[in-house]
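Trainee: I am new to this structure, and I would like to learn how to read a ligand site and the crossing of helices. Could you take me through them slowly?

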Amino acid sequence: MDDKIVLTGIKPTGTPHIGNYIGALKPLIKMSQSHKTFMFIADLHALNAVHNAKEIKQHTYEIAALMIAMGLNLENTVLFRQSDIDEIYKLSSFLMNVTPKGLMNRAHSYKACVEKNMEMGADVDTGVNMGLYTYPILMAADILLYNSDIVPVGKDQKQHVEFARDIAGYFNNLYGKTFKLPEPVISEDAGLIPGLDGRKMSKSYDNTIPLFAPSNELKKKIMRIITDSKTPEESKDPDTSTIFQLYKHFANESEIAALRKRFLDGGMGYGTAKTILFEKIDSVLSTPRAEYERLMANTSEIDAILADGAQKARFVASKTIAKVKKKMLG
Ligand code: TRP
């Protein structure tokens, strides 16, 4: 066991797809085998954009069920729902007072909104709620509440983890060393997983493959992957092929080498390659898919796991809050 504490949150804003799994969830599940891990569903972070409780709750269950079904190590991992931890609201409020407004002005996602408004000639604040504006403070509170050392995130979240370090630093400078400075760990592959049309797999491009689609739906999706127009005889480039790029994440070394060779040698059509990809994904996912479906039909089981996680998380969080309160208020 490594003694570093790993923490990450996943926003419940969509049904997890293969890109989410390969880029973010799979590395996390792997890390949970060797580290004490805090992993939560960031439902409070969804609130600035999603104003529909049913939707948030459904995606919360989906993410929790997925992580459990795919083998998250529940011995080492505290799995919980962010909103179950009362201490998170407290730490965010406390951290507001040491966080410069200018830092928030520099946040990429907020800046993107402002720039879009300016381009469209709208008021700069159009569509910006305070949840969006203070999003990085809530995220810093997530990270600092549990003494995290390592925060695995996608590239788009790197700045937020750096802000958490900055905010920890401001606090420590004012009140003496209180928080550890967390390190972002950026998953190499994140963002490079191609979707059905070859662009990055993303909900916003409508090119995703759901991780736990039923077999027939999975097959239909995979058959829709866009390829170039090479004939079966021609040699094909595995490194630019969406089919091969997805296959790599589900097959073992020798299977990967064998398919690579068939791409390069020629003599295999894309239809055949898609069938090979479908069969691989379908067989790798069949057992976890059954477990996922079982959990989704028994959400009280998920609730029990999340409640247990919340209790463990609050044990750590309450100590942090006591420490912070003492330093700030005496
Ligand atoms: N903001 C992250 C995202 O959109 C989710 C998140 C919330 C998170 N709190 C976190 C990630 C703390 C890492 C650590 O993906």
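This is a predicted model: local features need pLDDT of at least 70, side-chain atom pairs count only at pLDDT 80 or more; totals for chains, interfaces and linings use all residues.

Trainee: How many residues surround the ligand, and which are the closest?

Mentor: A residue is near a molecule if one of its heavy atoms lies within 4 Å of it. Here 14 residues surround the ligand, and the closest are His 45, Tyr 135, Met 139, Asp 142 and Gln 157. They are sorted by type: Ala, Val, Leu, Ile, Met, Phe, Trp, Tyr, Cys and Pro count as nonpolar, Asp, Glu, Lys and Arg as charged, and the others, Gly among them, as polar. On that basis the shell divides into 8 nonpolar, 4 polar and 2 charged residues.

Trainee: Which element gives the most to the shell around the ligand?

Mentor: Helices (H or I, at least four residues) and strands (E, at least two) are DSSP runs, numbered from the N terminus. The helix α8 gives the most to the shell, with 4 residues.

Trainee: What distances separate a nitrogen atom of the ligand from N or O atoms in side chains?

Mentor: A polar contact is a pair of N or O atoms within 3.5 Å. For a nitrogen atom of the ligand, the distance to a side-chain N or O atom is 2.6 Å at Tyr 135, 2.8 Å at Asp 142 and 2.9 Å at Gln 157.

Trainee: At what angle do the axes of α3 and α14 cross?

Mentor: Axes are lines fitted to C-alpha atoms, for helices over the stretch in contact, and angles run from 0 to 180 degrees between N-to-C directions. The axes of α3 (residues 53-69) and α14 (residues 299-329) come within 10 Å and cross at roughly 80 degrees. The two helices are therefore roughly perpendicular, a term for angles of 65 to 115 degrees.

Trainee: Which residues of α13 meet α14?

Mentor: Contact means heavy atoms within 4.5 Å. Arg 294, Leu 295, Met 296 and Ala 297 in α13 meet Thr 299, Glu 301 and Ile 302 in α14.

Definitions and conventions:
Residues are numbered from 1 along each chain as its sequence is written. Side-chain values use heavy atoms; hydrogens and water are left out. Angles under 35 degrees count as roughly parallel, over 145 as roughly antiparallel, 65 to 115 as roughly perpendicular and the rest as oblique. A polar contact is a pair of N or O atoms within 3.5 Å; within protein, one must be able to donate a hydrogen and the other to accept it, and residues adjacent in sequence count only if both atoms are side-chain atoms.
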